[in-house]
Amino acid sequence: MRRRRRRRRWWLCLGIPLAWDKGSFSDARASHDWIGVSFRCIEPNTCTMTIPEKFNPDLLQLTTRFAKADKKTASLADAHALCGRAGRLAQVVPEAKPFVSALFAALAGSIASSTSRSREAPPSKVATSRYRTAAAWLMALLKGDYFCLRHTLHLNRRL
């Protein structure tokens, strides 16, 4: 029982929402994907979380739509998709959080603008100028220019 409690504490330190009834324990030395995150134990008591390879191109393509200066509008659905996917990245990679927060602020501003009299884009569209700076930084992050898209966690044995 004590060992199971220790394992649960280890998973709680990951900082991502977990559905305990959907989880399972496996050989810790094997690399595995779970709910859109790749986990790999690189040494005892150390785990690395990364975003799967197929996730990056999709997010990079969405980010590029909002970062280009020549594109003035994008669909509201694309803005929601960008924020959702970037939110997943921020759950795993702490360095992405400031840029993702800025994207969510831009989305909130776009929605507020669409309901007010001062429309900055046609219906069901958003002005990309709100997203441009955060999208450009997120693009640089995704291309690996500044940070490695991984988070390493170390288990503290005193738990």
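T48 sits in strand β3, which spans residues 46-50. The model is predicted. With a relative accessibility of 7%, T48 counts as buried, because the cut-off for that class is under 20%. Beyond its neighbours within four places in sequence, T48 is in contact with S38, F39, R40 and I42, and also with R150, H151 and T152.

Turning to the rings, the count of aromatic pairs is 2. In one of them, F66 and Y131 have ring centres 5.0 Å apart and planes at 55 degrees, so this pair is tilted. F66 belongs to helix α2 (residues 55-67), while Y131 lies in the loop between β5 (125-127) and α5 (132-142); the pair therefore ties together parts that are 65 residues apart in sequence. F66 is buried at 0% relative accessibility, and Y131 is buried with a relative accessible area of 0%.

F99 and W137 also form an aromatic pair, and this one is stacked. Its centre-to-centre distance is 5.7 Å, with 5 degrees between the planes. F99 is in helix α4 (residues 97-115) and W137 is in helix α5, so the pair links parts that are 38 residues apart in sequence. F99 counts as buried at 17% relative accessibility, whereas W137 is partly exposed at 42%.

The geometry of the pairs is set out below.

| Pair | Centre distance | Plane angle | Class |
|---|---|---|---|
| F66 and Y131 | 5.0 Å | 55 degrees | tilted |
| F99 and W137 | 5.7 Å | 5 degrees | stacked |

Key. Residues are numbered from 1 along each chain as its sequence is written. This is a predicted model: local features need pLDDT of at least 70, side-chain atom pairs count only at pLDDT 80 or more; totals for chains, interfaces and linings use all residues. Side-chain values use heavy atoms; hydrogens and water are left out. Helices (H or I, at least four residues) and strands (E, at least two) are DSSP runs, numbered from the N terminus. Buried means under 20% relative accessible area, exposed over 50%, partly exposed in between (1.4 Å probe, protein chains only). Contact means heavy atoms within 4.5 Å. Rings of Phe, Tyr and Trp (its six-membered ring) pair if their centres lie within 6.5 Å; planes under 30 degrees apart count as stacked, over 60 as edge-to-face and the rest as tilted.
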